[in-house]
Amino acid sequence: MKPEPEAIKLKNGMIHQARKRFGQNFLLDTNIIQKIVDCIAPSSKDHLVEIGPGQGALTKPLAQSGARLDCIEIDRDLAEFLKKQFVEQASVNVFQHDILKFDLNNLAPKKKSLRVIGNLPYNISTPVIFHLLKNHHLIYDMIFMLQLEVVQRLIASPGNKAYGRLRLMVQYFCDIEHVFNIPSSAFIPKPNVVSAIVRLKPHDSFPITAKNPEFLETVIRTAFNQRRKTIRNSLRNIIPEAKLQSLPIDISLRPEKLSLADYVLLSDQISK
Ligand code: SAM
């Protein structure tokens with residue numbers, strides 16, 4: 001029987017049906033795979049973590065670098081397949097696990113050592129980034145393939161429609177670089193969207209520091225929950241109006257007009 005278009009024949013002859021619920025779009029284009037690996041430039045001294053290795057398009061070239069490579073894959077069939085593929089390579093470990101429930105500390109990483117890589121499942125890419133940022137101090141850098149639309153949100157400037165919580169919180173913790181775009185033809189099954197590679201590098205020293213980053217999150221979330229309201233109206237329940245008035249910020253503006261420095265100033269009013 002002819003396999004369905006979305007069925008993929010793995011190297012062990014197993015037919016794998018791409019699972020939509022796990023956001024499975026597998027990279028097929030060898031030139032693009034090489035371009036991504038060149039961008040990661042793995043070395044034997046690296047401690048790599050690959051999220052969603054799938055059938056190993058990136059895993060294999062990354063493993064060839066000799067780096068320690070810990071892979072976290074939710075799909076049981078693919079995790080089993082990969083365990084067999086790398087059984088003789090002691091530097092490669094495959095964990096069958098949900099990344100959103102996986103604690104990076106389990107990998108016993110040194111401070112700022114992890115290089116996290118992944119063609120992320122598009123349905124959970126934002127929660128994955130927020131989950132990893134909880135352990136930003138363990139991470140050297142993160143190189144992800146995301147929907148271009150998410151990368152545009154990551155690099156958006158104040159005043160832009162795409163500017164919001166994702167941009168501000170990631171900007172607080174990381175330098176952000178949009179590296180290059182990838183057409184949908186590089187994947188099987190083909191997604192409906194263009195993808196892009198982004199590099200997030202946690203700051204060595206933070207350019208702006210909030211007294212309490214959790215308050216910063218709260219202020220940003222509260223402000224953008226009501227995008228069309230002014231800062232005065234959206235934040236008056238968490239910051240007294242008198243304090244709002246005393247800041248060098250125009251509180252008659254909408255949340256998308258304020259910079260990260262403005263939000264840090266606002267959140268520092270709560271922690272006082
Ligand atoms: N890296 C492969 C490639 O580039 O061809 C596969 C990428 S595919 C877009 C996303 C992968 O993430 C799939 O293998 C999927 O099973 C896995 N995945 C989805 N949700 C996950 C989760 N919560 N935790 C870990 N892996 C997940």
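**Sheet, helices and ligand site**

Helix α3 (residues 76-85) lies across β5 (68-73) and β6, at about 160° to β6. Contact here means heavy atoms within 4.5 Å; angles run from 0 to 180 degrees between N-to-C directions of axes fitted to C-alpha atoms, for helices over the stretch in contact. Helices (H or I, at least four residues) and strands (E, at least two) are DSSP runs, numbered from the N terminus.

The model is predicted: local features need pLDDT of at least 70, side-chain atom pairs count only at pLDDT 80 or more, and totals for chains, interfaces and linings use all residues. Residues are numbered from 1 along each chain as its sequence is written, and side-chain values use heavy atoms, without hydrogens and water.

**Sheet**
- Seven strands form an open sheet with mixed pairing, in the order β6-β5-β4-β7-β8-β11-β9; two strands pair if DSSP finds at least two bridges between them.
- β6 (92-96) and β9 (174-182) are the edge strands, each pairing on one side only.
- Five bridges join β4 (residues 47-51) and β7 (residues 114-119) in the parallel sense, and I51 stands opposite G118 in β7.

**Ligand**
- The ligand is surrounded by 22 residues (a heavy atom within 4 Å), the closest being Q24, L27, G52, E73 and D98.
- An N or O atom in the side chain of Q24 is 2.8 Å from a ligand oxygen atom.
- A ligand oxygen atom lies 2.5 Å from a polar side-chain atom of E73.
- A polar backbone atom of I99 is 2.9 Å from a ligand nitrogen atom.

How values were computed: A polar contact is a pair of N or O atoms within 3.5 Å; within protein, one must be able to donate a hydrogen and the other to accept it, and residues adjacent in sequence count only if both atoms are side-chain atoms.
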